[in-house]
Protein chains: 2
Amino acid sequence: MKRVKELNGSAAETEAAFYDALNRADLDALMALWADDEEIVCIHPGGARLIGHAAIRASWATIFANGGLPIVPSQLHETHNLMSSVHTVIEGVTASEGTPAHLLATNVYVKTPRGWRIVLHHVSVAPGAAPSDTVVAQILH
Amino acid sequence: MKRVKELNGSAAETEAAFYDALNRADLDALMALWADDEEIVCIHPGGARLIGHAAIRASWATIFANGGLPIVPSQLHETHNLMSSVHTVIEGVTASEGTPAHLLATNVYVKTPRGWRIVLHHVSVAPGAAPSDTVVAQILH
């Protein structure tokens, strides 16, 4: 096992390492952050459900062929208990058919003997620019 | 509290009740299945992130104005520990700009004193018809 797997003392730390690996197109570092479990799931924006290390690794290898992804996650929203942590973040702005859009990611982490590890990464595209941090108030009114 | 909240002895049972409520456009039954926590998150297909009971309830009320959703989830994939359960399901086929597509949902449940409750529902659209249960093997090759 790589030593990197034992450095993740919190879900937030694992998430930071995840996006750092995406930025650097570091496939080995990225995959080391997932749970040692063939039940892991990854759904890319507009993509099908991928299950297990081989399928997920292959998808990131294809993405990284074009270089790293300059994603800086923001507006973390978290709900957690002692053994799992459910994060949603805004991965940044994009464009869908020429109109502004933003990417929303759900990242689920579980606590394992080797630290907090990813069990699910699910991203979708939402219309409009990334909302401000006042989005909740805006939705309520 | 509604009695329905105490009937959910497993995440699978809560999920069945969730899709039953969607089919029947039963807003009260639907909302009773979520955790009593303002940190709950709902992301509809192509939609923005909604946080908290008020925003999520309002979104479903709008959807139900057109009646229930005839969703029959299939191909459940699950990973869980003692206190949380992460499900992904295929919610069925749809169409995106005239081409076949299918809906992928991530549903996260946590065990509460009142049973298993929803903390996150995130749906995205994937291209193509709903894959068969052999999707994993297809992806690997």
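User: How many salt bridges are counted between chain B and chain A?
Analyst: This is a predicted model, in which local features need pLDDT of at least 70 and side-chain atom pairs count only at pLDDT 80 or more, while totals for chains, interfaces and linings use all residues. Residues are numbered from 1 along each chain as its sequence is written, and side-chain values use heavy atoms, with hydrogens and water left out. A salt bridge is a side-chain nitrogen of Lys or Arg within 4 Å of a carboxyl oxygen of Asp or Glu, and between chain B and chain A the count is 0.

User: Which element gives the most residues to the side of chain B that touches chain A?
Analyst: Several elements, which are DSSP runs numbered from the N terminus (helices H or I of at least four residues, strands E of at least two), each supply at least two residues of that side, among them α3 (53-64), β5 (99-112) and β6 (115-127) of chain B. The one that gives the most, with 8 residues, is β6(B).

User: Is B:Val93 buried or exposed?
Analyst: B:Val93 lies in strand β4 (residues 84-96) of chain B, and, leaving aside neighbours within four places in sequence, B:Val93 is in contact (heavy atoms within 4.5 Å) with B:Ala101, B:His102 and B:Ala130. Buried means under 20% relative accessible area, exposed over 50% and partly exposed in between, with a 1.4 Å probe and protein chains only. Because its relative accessible area is 62%, B:Val93 is exposed.

Conventions
Chains are lettered from A and ligands numbered from 1 in the order in which they are written.
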